[in-house]
Structure formats: structure tokens, C-alpha cells
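Thanks for making time this morning. I will walk through one structure, so please have the sequence and the 3D view open.

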Amino acid sequence: MKWVSAVSVALLPLAVITAVAAESPPSAMKDRVVKEGLRDQRGKYEAERRSNPDDANFISALARLQAYDQVREAERSSRDKLPLAYQFGERWQSIGPAPLLNGQTPTFPIIPSPVSGRVTSLAIDTIDNAVYAGGAQGGIWRTLNGGATWTPLTDHLGSLAIGSIALAPGAHPINQGTIYIGTGEGNYSADSYGGVGVYKSTDSGRTWQGPYGTALFAGRSVNSLAVDRANPNHLVAATGSGVYGLGASAAIPLLPRGIFNSNDGGVTWTKATTQIANDPASTLIQDPVTPTTWWVAMIGFGTLPGSGGVQKSIDNGVTWTQVFGTATGLPALSGTLGRSWITGSNPGGGNPSVLYIGTGEPNTGIGGGKVYKSIDGGTTWTELAAARGYCQGQCFYDLPVYTEPGNPNIVYTGGAGNSADPETTPSFFMRSNDGGTTFASKVRSPSTNTALHADVHSIVSWPGRPNEIWVGNDGGIWKSTDRGDTWQNLNTSLQLTQFQACDTHPSDPNIAYGGTQDNGTNGWTGSTAWPHLDFGDGGFALIDQTTPTNLVHTYYNQTNNLIGVGYTTAGFVTQQGDYLGSFADSAATGNGIGFSDRVLFYAPIHLDRGVSDTLYFGTHKLYRANAFFSFPDQTPNIFTALGGGADLAPGGVLSAIETLANPAVGLNAQVIFTGSNNGRVFRSIDGGLSFTEVDALPAVIPQYVSDILVDPRNPNIVYQSRSAFNGSLPARNVRKSIDGGSTWTDSSTGLPDVPVNALAFDPVVPNTIWAGTDVGAFLSSDGGSTWIPYNEGLPNVAIFDLKSNRTTGSILACTHGRGAFRLKLDAIFIDGFER
């Protein structure tokens, strides 16, 4: 479908999904595509890629931290083992996006704004004139000039997933501020990675100590941190779930969540006794009036009886009691409360604190989200009817409430809210000037030609300058100097984009194409500023290697709702709203893919290695469309199920597709491989007429198959990667066949026990292969027998995709939280011979 009118590119509420699915094209498909998709289903997708099927109690965060430490040591000791072409110190070069231009910010009227990626937390140091920002998997960044430029501070810490930032209160010498960061993002999305504990800096972020508390925090997310204003050695932390997201958290018994205290400046921690042993927490504050009183907003989704609500301590964090169901005006604990949030302000004049609590409670007709207010220090509470629905259907992901210090009449809310018309309330960013009696939307800023991105995670004001507020969301950072009436976009030099997949141009080293989380599908043209090309939740993204103006990508996919791709034949000229579509449908007008097929959230697609306009699409079946780019928008029945519609992922769904170019020019591949999320690998040698399971002896390894790659120099050599933890070495995360895929052996010696997400053959050196892992890049110069880390210039971030190009002599690494990086050789060696 070609949609030429402007459409909302922000996430629609969860409650809309069922209604949307019942509509008929074109409006229904448009709405399905532009929304970001269900985060619990993305959570299941990501959890599958990072699980250990043999040990449910395996703590992946500890394994990842140990692996990263091993990588750093191996890099120092193995330089002389590299291929000659890599011994001269070639570095990975950052290529952006910084920012994504014309990003997914609200329309009607359209105000596309530069975006960067998901920002989870913000903190302001007025002495250093510094603002610190935490990325979902992008680490800590600092600006010293009001957001004009940003610098990363933590690229080589054990985790770049940031859940919280806390500054020690009081005066300090310039550049000697004490900063604490809680690792692990606690927003309960698919890609909310778990952390490794707490890091500390005493020189304003120049150096770091830690991680501290690893034995209690590893694999969890330190969602909130606060330093006691009466005693800077006392800290309180609140922890929640990490990488596995809402859909899978209850099935993985990691370390107990809850409330923790440190009395030695964050070095050692003890768990407080709360209502239940495993008590997930969301946010915490020290009471603005009484410093020995603390409040922690909890998380309760109905799976843990007794969880949720808000807990209070009146003995400086030692003991805690539940206030929901006991304080006047607050509801009883229930599974419908979901995640909660708390904020407070000192009204002055000797009066008690004014407090606000946000919850994920449902409302009839307007989605989730309620706000409660107390003007007597938390004794009694009143619900604010004007805030109902402020976080809509994803209150588990974004529901901040913030009140201005010293002026509790000013209160802000953030979340999903209304995004179709950002002037309508409830919207995803609102302000009240009268203590919550009324709210007004403050999403867009026509006078400064910018608008906020949806999914707000952090709201703070500059101490002493209450009109100045800073906001972090899925698109990056904005600030306002007039309490949100107008906005300034601060994303120019932030590089936080979370890629899902990417591809390279066949001949131009300065062109690439990639899909990203909540920031659509985008292109690179040589500058660090990337043009935004299509909306929605970007997944796989491919360039036709024969006709590079042919582009195809996936959005999110969901059974009985949205299964298919967007595509264009005009290259980067095509903008959002103008992409063609090919989607499954319950009606006969669908594209031939089964509407009720099982399918990954990010469904795999593949262009034939020989006939590059033949597109393959994976559900639990494999589909093929010949001459795909020749078809008009939403042409019916262009996909045909291969193998007679056989289930190629029994009990699961397809996650990887590979073909071997047919030596007969113009004919589709005879050899086709598929891999599934539960470790099943199938091969066809008759062009897809039939498939046989391979790599199943002596038993299937039930780990996510993330990539399959046939060696173009020797088709008998095939590799596959596994995105999972094994629990011991060898890691089993790369496997190799030397007989065309009939039999397989382990090929992971030298790789740490972490997920391997992508593979690529070296563009210059033969018999050399690269692996993109959760702790960076590795290469093997002996056909996979041994592996060496190669991360010069790369942060410690997960690489989700790798693509190499022999013509340009370059490798593209697309990370999930720090954008894209390129390694480009001078190509003095080609096939082992000097030019």
C-alpha cells in the first residue's frame, strides 16, 4: 500500500490492536505498520535469543561480564595472531546515526525531528554545568554546553544498559562530582538488557569503579538509585527485571528483586525485608520534607501475589510497609496495578510533602494509567481524573510522573498517551499548572519546529531553574526553558540507535540500510546524520545487490495482525508513507503468506544469492516470491510456500534463511537453509521442493539460530551461529559443516559463552570469518577453528548484525544501542596476494 498522506509514526496504544486488526485495508494496514508493536512479544523474541535452554537458573549477566573481561585481556595478548591485513591497527569507525534526520515524532501537522535512540535516565550537576544521560544500551553520556554536544563516558564498562543515575548531593570541587549508575534497563521491554551492578565515579565521570553489588544485582536492572541527602554514604536502590522483558521474566528465576541499602558509598549492599522475597521495584524517592522517610513504587503484574503498589520506610530504609490498601484513597493491591511511579515536592512553609503516584491501572475507554495525589505527606490520597489514560496500553514500559521541586502545583506526566493528535489529552507528555486538576498536552512545539518522540522514560528539571525541564524518551533528549511550551531538540551528537539488522550497498562503501527499534528503517549516505526512510518498528532490512534501488524491510510481525514487508524500487528517494506493502491478510487479497502462521516479532527475510530480486520470508514455513520488486503494491498471492508448506520449525518459528547462488544464471537457488528459534536446521537441495532436517544428531541443540552463511569460495563450507548461552565452554555458539550442511561440528573455540548474533565472511582475507556477539566482534583466520576479539574503536555493546562487502573491502557492524560502525581496509591483500 502506498500511503501518501501524513500518518502518525508514534506508537499506538495496546488497546487499539484488536480493533485495528478487524479493519480492512488500506487504513487498517497503515495503522498496523506505523505502530511499534507489542513489547511483550518483542520481549519473548529477545529472551529466546539470550536464553540457556539447559539451565533455567543460569545467570546470563554474570556470563556476559566474565566474557567481556576475557575479551579485554585477549585483545591485549593476541594482536600477533591476527591476519597480516589486520595487524596494522585498523579501527572500527563510528558512522552514526548521530542523529537520525526527520525521525518518528508526531504528525498532524507533521513535525519530523532529529532522533537518536532510547534514553532511560537523566541527572543534572549544576556545579559542573553537566547533564548526564543514560541510554538503554548506550551507556552514560555527558553534555557541558546545554545539550549542544554530547560525549560518551562508559563505552568500556561491563554493561552499557543504564537503569538509573544518582548524584551525591551537596557541594564538590569542579570535575570532582560523585556519580552512581545503576546498570540494567528496567523498562520491561524486549531489549531491556539486564545489568551487572552499580558503578561509581568520584571525578564527574572521567573514571569509574565497580561494578559493586554484582552478587545481588547481576541479571537484574537497578531501576532507581538515590543518595541520602543527610548522609552521602547511604544509598537506596530499587531493582527490577532485565533483558528478558515482561513476556518471559516470570519464567526465569534470577536473583531476588527488591529494595537494597548501602552504607559505605555504594560498595556493599544488603537487601531490605519487604512484603515478598522477590519484590520487583520501579522508582524510589527520599521524602522531600522528612529525610528518614523513603518511598518506593513497586511493580506488580499479577504473577507475584503481594507485589506492586508503593512501599514506605520511616526508619531510613531499614523496614518497609505497603501503603496501597491501607492509606486512605489508594486501591488495594491487585494484578491490575502494574508498574507504579512516585514523585514528590516540598511545598515549603513547614507543610508536609506533596506526593504523586502513577499506576498502570486500566480505565474504561481511554487506556491505562491513573495518578494519585497526597497533600499531607502520604496519609490520604485523591485520584486525579484528568490524568486518566496518560500511559495508555504500555504503562509497564513508560509512565513517569514528575513534580517540580518547591512547586507541587506543576506536575508532568509521560508515557504513550494519545499520539494520533498530540494536542488531545491524554497525550504522551502533559503538564498541569493546578496540581493535577487539569492537564494540557505539551508534545509539540511549532515555534521551534520540533516535537517530542513518544515513550517518555525520564523527566527532570534544572535545580534552581524550574522553568527548564529535560526529557528522555525512545527518540533521545529534548529540553524546554518554559516548562514545555516550546522544545529544543538535543539529539545532534547522540549515538544511541538500537539496530535490529542492516545491509550494505553492492558497490558504494558510503551507503547502508538498517532497521531500528522504534525509530523506523533508515539509510546511510556517508554522513553521521542518517535520513529516516520509513516508519514503524524496523526489523530486517535488505538492499538488492543487483539493483540497489530495490529495498525491502520488515516492520514488527504478529500472527493474525501484521505479517509482511515494506518495499520500494526508488531507493532512498522513497520516504515514509510512500513505501509499497506486501502483507498477509485473512482475506483472499493477502500476499500468500498464512495470516495465522506462527511468526517471530522480527520475521527473517532473505534475497536469493543468485537471483537477487527473489525474496524469501520465514514464519514457521518458508515462502518465496519471484521477481518480488516487479509487483505493484499489495499484489495478492505473490508468495508461495516451499516444501509443500512444511513446518520447518516444529514447536517454534524460523529465525534465519540462507541460499547458495545457483551456478545457472537466472535460476533460483537449489540449496536453501533455514534455522529456527528453537535450534532446528533444515536444508533443501532441490530448490525448495523438499527439506531435510540437518544438525540434529545426536540431538537438536535447542538454541536460537541467529545466522547461517555459505562460504562463497567453497559451497561445501557452511556456518551457523547460535544466539544463546551454553553455561560452559565450548560455547556451541558457532557451528560448521564441511560437507555442504549434511553434518556439523562445534566451531567455537576461543569464543566466550555469550550469544553470537551474526556472521560475515571477511571481504579481503580468505578463510576468515567474523562473528558479531553480545560483547563485540571476533574474527577467525583459520576457518572457525579459533577466534580472536577485534574491537578497536567499538564500545562494549551487542552487535546485532554484520555485513561484509568484498567490492568495497568493508565490514558493517550494526549495534543495539550505539549505532553503526564500519571497518574498512585499504585492501592491500586480496585472496592472499598483494596488489
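This is a predicted model: local features need pLDDT of at least 70, side-chain atom pairs count only at pLDDT 80 or more; totals for chains, interfaces and linings use all residues.

Trp530 belongs to the largest nonpolar core, which has 25 residues. Within that core, Trp530 and Phe429 touch the most other members. Several strands each supply at least two residues of this core: strand 25 (407-414), strand 30 (456-462), strand 31 (465-473), strand 34 (499-504) and strand 59 (810-815). There is also a second, separate core of 20 residues, with Val552, Ala603, Leu615 and Phe617 among them.

Now the chain as a whole. The protein chain has 835 residues, and 65% of them are buried. It contains six helices and 62 strands. If you take contacts between residues at least 6 apart in sequence, 59% join residues at least 24 apart. The accessible surface is about 26000 Å², and carbon and sulfur atoms account for 53% of that.

Next, two examples of strand pairing. Strand 12, residues 221-227, has seven of its seven residues buried, so the rest of the structure largely encloses it. Strand 12 runs antiparallel to strand 13, residues 235-240, and six bridges join the two. One partner pair there is Ser221 with Gly240 in strand 13.

The other example is an open sheet of four strands, in the order 54-55-56-57, with antiparallel pairing. Strand 54 (756-761) and strand 57 (788-789) are the edge strands, each pairing on one side only. Five bridges join strand 54 to strand 55, residues 769-773. Ala760 stands opposite Trp770 in strand 55.

Please go to Thr521 now, in strand 36, residues 521-524. Is Thr521 buried or exposed? Its relative accessibility is 0%, so Thr521 counts as buried. Its side chain makes a polar contact of 3.2 Å with the side chain of His553. Beyond its neighbours within four places in sequence, Thr521 is in contact with residues including Tyr513, His532, Asp534 and Ala541.

Last topic, salt bridges. Side chains of opposite charge can pair when their charged atoms come close. The count here is 16 salt bridges.

Glu383 and Arg388 form one of them, with the closest N and O atoms 2.7 Å apart. Glu383 is partly exposed at 22% relative accessibility, and Arg388 is partly exposed at 34%.

Lys442 and Asp485 form another, with closest N and O atoms 2.7 Å apart. Lys442 sits in the loop between strands 27 and 28, and Asp485 in the loop between strands 32 and 33, so this pair ties together parts 43 residues apart in sequence. Lys442 is buried at 16% relative accessible area, while Asp485 is partly exposed at 36%.

For Glu693 and Arg680, the closest N and O atoms are 2.5 Å apart. Glu693 is in strand 49, and Arg680 is in the loop between strands 47 and 48, 13 residues apart.

Terms used:
Residues are numbered from 1 along each chain as its sequence is written. Side-chain values use heavy atoms; hydrogens and water are left out. A nonpolar core is a set of buried Ala, Val, Leu, Ile, Met, Phe, Trp, Tyr and Cys residues joined through side-chain atoms within 4.5 Å. Buried means under 20% relative accessible area, exposed over 50%, partly exposed in between (1.4 Å probe, protein chains only). Two strands pair if DSSP finds at least two bridges between them. Contact means heavy atoms within 4.5 Å. Accessible areas come from the Shrake-Rupley method with a 1.4 Å probe; for residues, only the protein chains shown count as cover. A polar contact is a pair of N or O atoms within 3.5 Å; within protein, one must be able to donate a hydrogen and the other to accept it, and residues adjacent in sequence count only if both atoms are side-chain atoms. A salt bridge is a side-chain nitrogen of Lys or Arg within 4 Å of a carboxyl oxygen of Asp or Glu.
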